[in-house]
Amino acid sequence: MKRTSHTYIMLAAFAALTLLSGCKSEKKASYYSNIYSEKPTLIYIAPVQDNSERKIEKYPKDIAYNVEVNSAKNYMHQTLAAPLLNHGYYVIGPVASEQIAATETRELKQLRHSDLSRYYKDYSIDAVLLTTIHRWVEKNGEWTVYLEYLLRSSKTGADLMHRWVVASKVIPTDLKRDPRPLKEDRRYAKEMNIDNGTAQRCFLIERVNDYVMRNIPLSSTMRQYEEDLYKSANPTYTRYTWNEEGKADVEPCTLEEYEQECFL
């Protein structure tokens, strides 16, 4: 009980500090207050809702594009668990997740606002992670994807985390403006045994998943749980770019900017 009281005191202090300072970089204690309040430990990752456009398969390049997009969707689901596990959470495994998904009669978009209490009652799941790929754009050696991450409590229905990310992967182009994969890109594609286009998408998805999920507070079961309160939360709306130098450029954006680009 002493530890719980101490945690709530720190939460209140951080909330007050944020209001007084008007600081743009909000602390985790304030931004993730619902997570610190509910202390979820078991998370179910729902299937990815993919709204990106598929092409009518008239030509080989149409088939190739659809394979790339489908592979990226599957890889997104596969790479969401690792950052959560590293933060001390328990994540429902792939086989069990498929079985749980098969029992769900509602569409994925309905889960964003529907009652999730059955997940807690039937499976003791504390929170459900809902992810959405809104759109892919590919042009002149640059791949851009519009992503949304929503973590909802299955006990209270509260939003525990909600993020929007505009993510891009940029590689050099030749005089004809055709992509020229870097050495690291070729190595990644070879290790994954996939083509360049699929590799660019999967690499970008994996990096953004790590960026978003790694910022979630440590599980209350972790020894460093209270120290994590002092760290900064990522912006709600983010522009994430993996540049030609093999580094991530991250800056905040606005909801208006996100929507204007995503829903052109």
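In α8, the residues Asp 185, Tyr 188 and Ala 189 meet Ala 199, Gln 200, Cys 202, Phe 203 and Glu 206 of α9. By class, this contact of α8 with α9 comprises 5 nonpolar, 1 polar and 2 charged residues. The structure described here is a predicted model. Helix α8 spans residues 183–192, and helix α9 spans residues 196–213. Their axes come within 10 Å and cross at roughly 95 degrees. Angles of 65 to 115 degrees count as roughly perpendicular, so α8 is roughly perpendicular to α9.

Val 145 lies in strand β5, which covers residues 142–153. Its relative accessibility is 0%. Buried means under 20%, so Val 145 counts as buried. Leaving aside residues up to four places away in sequence, Val 145 touches Ile 133, Arg 135, Trp 136, Val 165, Val 166, Ala 167 and Leu 204. Lys 169 is 24 residues from Val 145 in sequence. The C-alpha atoms of Val 145 and Lys 169 are 9.0 Å apart in space.

The largest pocket holds about 330 Å³ of space. Two elements each give two or more residues to its lining: α4 (60–78) and α6 (94–102). In total, 15 residues line the largest pocket. Ile 45, His 77, Gln 78, Pro 94 and Ser 97 lie nearest its centre. The lining of this pocket divides into 8 nonpolar, 5 polar and 2 charged residues.

Note on methods. Residues are numbered from 1 along each chain as its sequence is written. This is a predicted model: local features need pLDDT of at least 70, side-chain atom pairs count only at pLDDT 80 or more; totals for chains, interfaces and linings use all residues. Side-chain values use heavy atoms; hydrogens and water are left out. On a 1 Å grid over the protein atoms alone, a cavity is a set of points where a 1.4 Å probe fits but cannot get out, and a pocket is an open set with protein on both sides within 12 Å along at least five of seven lines; lining residues have an atom within 4 Å of a point. Grid points are joined across faces, edges and corners, and a volume is the space filled by probe spheres set on the points. Helices (H or I, at least four residues) and strands (E, at least two) are DSSP runs, numbered from the N terminus. Ala, Val, Leu, Ile, Met, Phe, Trp, Tyr, Cys and Pro count as nonpolar, Asp, Glu, Lys and Arg as charged, and the others, Gly among them, as polar. Axes are lines fitted to C-alpha atoms, for helices over the stretch in contact, and angles run from 0 to 180 degrees between N-to-C directions. Angles under 35 degrees count as roughly parallel, over 145 as roughly antiparallel, 65 to 115 as roughly perpendicular and the rest as oblique. Contact means heavy atoms within 4.5 Å. Buried means under 20% relative accessible area, exposed over 50%, partly exposed in between (1.4 Å probe, protein chains only).
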